[in-house]
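Subject: Structure for you to look at

Hello,

Here is the structure I promised to pass on. Please open it and keep it beside you while you read.

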Amino acid sequence: MRGDLVPDDLWERVARLLPPPPERRRRHPGRLRVPDRTALAGVMYVLRTGVAWRDVPAESVGCSVVTAWRRLRDWTEAGVWPRLHFTLLGELRRANLLNLDDCSVDSSHIRALKRGDHVGPSPVDRARLGSKHHLIVDRHGTPLAVTLTGGNRHDVTQLLPLLNAVPPIRGLRGRPRRKPRRLYADRGYDFDKYRRLLWKRGIKPVIARRGAAHGSGLGKVRWVVERAFAWLHQFKRLRIRCERRADFHQGLLELACSLICLRRLRTSL
């Protein structure tokens, strides 16, 4: 099972980004350290299946629940997941698999089972605790950046932070690319203030107007962001937020985005 959870092409990219392991003590060294690839298999198992940490099968994964959780904590605090996503975006651009001219944004609400950072009463779920995933994708639906907020935050307030979260994507000669030419969004982003702010950045806003009849025609471009959310929520741990710490959930989001990018690289070969 470990090889299925952490394939070779994923491990090659992750291994370069992991912090070096602590030096082993000379006296009373204790047990041998569990290999990082084995611990990553435990993290991947939780991400894919959505089970509680206590239910991870140590026999088939190869490490204890505590070890997998601690490695996730250490790697999240070391910034491994955003760097992995950034690396894969550069590979996609180098392979001409990114189209940054047309990008789309949207958000998705999820229920939160515990209190913590970026949790709030949801206006669409009877004020139950929840969080929001905010996502920006390229023309093909490849995730460029994802952010996490409380469920009571309005979508448009996260538009500029989401754009700022897009890394400078290298891969071709010239300056790195980090902003689209056109940005597509639904009626939740229909505010003239934000249209002006996008024009200031050199981005053409293509946003549906509130009150206008349905059938604006933006669906033929925007559907890719809805599909990207479906891809993200195939990872069952992201359907309901179980982590109290927001950085843990954000790290799992970025890991899932990296896996989607890697899947696109594989299909292009």
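Below are my notes on some of the helices. Keep in mind that this is a predicted model.

Start with helix H5, residues 65–77. It has 13 residues. From its first C-alpha to its last, H5 reaches 18 Å, close to the 18 Å expected at 1.5 Å a residue. Which residues of H5 are buried? They are Val65, Thr67, Ala68, Arg71, Leu72, Trp75 and Thr76. These residues cover an arc of only 165° around the axis, so they sit on the same side of H5. What covers them? The cover includes helix H3 (36–49), helix H6 (80–94) and H10. After H5 comes Gly79, with a positive phi near 75°.

Next, look at how H3 meets H5. Two packed helices are described by the angle between their axes and the distance between the axes. For H3 and H5 the angle is about 95°, and the axes are 8 Å apart. Angles of 65 to 115 degrees count as roughly perpendicular, so H3 and H5 are roughly perpendicular to each other. H3 brings Asp36, Ala39, Leu40, Gly42 and Val43 to the contact. H5 brings Thr67, Ala68, Arg71, Leu72 and Trp75. By type, the residues of this contact are 6 nonpolar, 2 polar and 2 charged.

Last, find H10, residues 246–268. Its 23 residues should span 33 Å at 1.5 Å a residue. The end C-alpha atoms are 34 Å apart, which agrees. H10 is mostly covered, with 17 of its 23 residues buried.

Best wishes

Methods. Residues numbered from 1 in each chain as written. Predicted model: local features only at pLDDT ≥ 70, side-chain atom pairs only at ≥ 80, totals over all residues. Heavy atoms only, no water. Helix = DSSP H or I, 4+ residues; strand = E, 2+ residues; numbered from the N terminus. Expected span 1.5 Å × (residues − 1). Buried < 20%, exposed > 50% of the residue type's maximum accessible area, 1.4 Å probe, protein only. Arc of directions from axis to C-beta. Contact = heavy atoms within 4.5 Å. Axes fitted to C-alpha atoms, helices over the stretch in contact; angles between N-to-C directions. Parallel < 35°, antiparallel > 145°, perpendicular 65-115°, else oblique. Nonpolar A, V, L, I, M, F, W, Y, C, P; charged D, E, K, R; others polar.
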